[in-house]
Amino acid sequence: MSPAGGIATALSALAALPRGAEEPPLTVPRDPAREAAERELAKRLYHEDDPGLFQRAFDKFWEWVEKFFNSTSSATPGGVLGLVVIVLVVVAVLAALWWRLGTPRRQPVSSTALFDDLPRSAADHRSAAEAHAARGHWNQAVQERMRAIVRSLEERALLDIRPGRTADEAAAEAGRALPGHADRLRAAARDFDDVTYGGRTATETSYGRIAELDRDLRRSKPRLASTGADSADHNTRQGAAG
């Protein structure tokens, strides 16, 4: 039933009230008539087809968008067409910047300890790395292989066991004992930092590099710090004997 029909029904109900034979025709005052109409229109029957809360909010939103678009286009040179051109130019510039610069990444900062609180051997880290690599989880594989390298150097007493050491610190210290591998150790530390703190994704190739470094380090012999002093002392003794 329409609202107009509801009002008519309310007025008809008032008109149908019994009257005496001598009573004058019924004249409904304004306020009671309005109240009767409001009571009639408040019935659920007249609101079954009203839009829901979501629909009303959606309509309000698009009404706001339409007003904003109209006010903006009226203030833009060229009207609606000029506004569309400006929007397209802005979108094109943003797309070009995204394509040129790529996804923003955090600068890798090796400020967190290399190892967690659970101590594991180099063999344990190496096995974990191989398991991750077999499943194609290259980030975790690179992380575990770097931990295997550092733990192996600690087990060989080439690095002192120091909680809280970072990958960069380990690479710098190991590079002094194994100068022939210093550059590769720094590169491995960067790979570890990139996937751990820099938001980058490792690849099979990057894991292959760090795994090869691990194998080479296990076969390498360290340069002893006392070698230079021993050689100088040996040459001094030979000169004195001569």
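Student: Hi! Where does Ala157 lie?

Tutor: Ala157 lies in the loop between H6 and H7. Helices here are DSSP runs (H or I, at least four residues), and strands are too (E, at least two), numbered from the N terminus. This is a predicted model, where local features need pLDDT of at least 70, side-chain atom pairs count only at pLDDT 80 or more, and totals for chains, interfaces and linings use all residues. Residues are numbered from 1 along each chain as its sequence is written, and side-chain values use heavy atoms, with hydrogens and water left out.

Student: Thanks. What about the phi of Ala157?

Tutor: Ala157 is not a glycine, yet its phi is positive, about 65°. Most residues other than glycine have a negative phi.

Student: And is Ala157 buried or exposed?

Tutor: Ala157 counts as exposed because its relative accessibility is 64%. The cut-offs are under 20% relative accessible area for buried, over 50% for exposed, and partly exposed in between (1.4 Å probe, protein chains only).

Student: OK, new topic. How many helices and strands does the protein have?

Tutor: There are 10 helices and 0 strands. Of the 242 residues in the protein, 29% are buried.

Student: Which residues have the most contacts inside the largest nonpolar core?

Tutor: They are Met146, Ile149, Leu153, Leu185, Tyr207 and Ile210, in a core of 28 residues. A nonpolar core is a set of buried Ala, Val, Leu, Ile, Met, Phe, Trp, Tyr and Cys residues joined through side-chain atoms within 4.5 Å.

Student: Which elements give two or more residues to this core?

Tutor: Those are H5 (122–134), H6 (138–155), H7 (167–177), H8 (182–196) and H9 (204–219). H6 gives the largest share, 7 residues.

Student: What is Ile149 in contact with, leaving aside neighbours within four places in sequence?

Tutor: Ile149 is in contact (heavy atoms within 4.5 Å) with Leu185, Ile210, Leu213, Asp214 and Leu217.

Student: Where is Phe61?

Tutor: Phe61 is in helix H3 (residues 53–75), and Phe61 counts as partly exposed because its relative accessibility is 44%.
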